Amino acid sequence: MAFFKPDWLLTSIYALRPIDLKRNGINTILTDLDNTLIAWHEPESSGQLRAWLAEMAQSQIQVIVISNNNAKRVARAVADLDIPFIHSARKPLPSGIKRALRQFKLEPQQTIMVGDQLLTDVQAGHLAGVRTVMVKPLVETDSWVTLFSRFMEGFIMKHYARKDAQFKWRERLDD
């Protein structure tokens, strides 16, 4: 079960602030796409996302999308964001994250994986040797592919909440 427990639980990817990331030795954010950066059923990004990405870039924090989606879907989704991506990542396997670590010459201890799913994003991050952040999904609906994972996640989240009083949603990394 340890592979499913995120290092941090945050209400949103926007709760990641440069000052907190740097305090924790983090200079790279690997992030899921659907329901983490953009709603799974929306093809375009928001002004809030563009502002957050600009803040990260200004603070020299690299953001890279790691998605199980195909190249066409991811390229279309990030076209106006000017950020790199790894498609067909095969999460929960660590191969997509490890590919990003090699391709972008990243240090695992300075990198986090952010996503809205325990059974894919968090598990893949831990298997790849990076710290993990789970965020609440941007929208409450999911594609049919995600429904079983969400069901199982509920049991896992309750297990951790019973075992650890500190296991709760936060507004900042260091809350």
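In S5 (residues 111–115), isoleucine 112 is the bridge partner of isoleucine 29. The model is predicted: local features need pLDDT of at least 70 and side-chain atom pairs count only at pLDDT 80 or more, while totals for chains, interfaces and linings use all residues. Residues are numbered from 1 along each chain as its sequence is written, and side-chain values use heavy atoms, without hydrogens and water. Strands (E, at least two residues) and helices (H or I, at least four) are DSSP runs, numbered from the N terminus.

**Strand S2 and its partners**
- S2 (residues 28–31) pairs in the parallel sense with S5 over 4 bridges; two strands pair if DSSP finds at least two bridges between them.
- S2 also pairs with strand S3 (residues 62–66), in the parallel sense and over 4 bridges.
- Leucine 30 stands opposite isoleucine 64 in S3.
- Thr28 and Leu30 point one way from S2, Ile29 and Thr31 the other way, and all are buried (under 20% relative accessible area, 1.4 Å probe, protein chains only).
- In a regular strand, side chains alternate between the two faces of the sheet.

**Nonpolar cores**
- A nonpolar core is a set of buried Ala, Val, Leu, Ile, Met, Phe, Trp, Tyr and Cys residues joined through side-chain atoms within 4.5 Å.
- The largest core has 29 residues, and Ile29 and Ile112 are among those with the most contacts inside it.
- Helix H2 (47–58) gives the largest share of this core, 4 residues.
- A second, separate core of 13 residues includes Leu30 and Met113.

Definitions and conventions. Buried means under 20% relative accessible area, exposed over 50%, partly exposed in between (1.4 Å probe, protein chains only).
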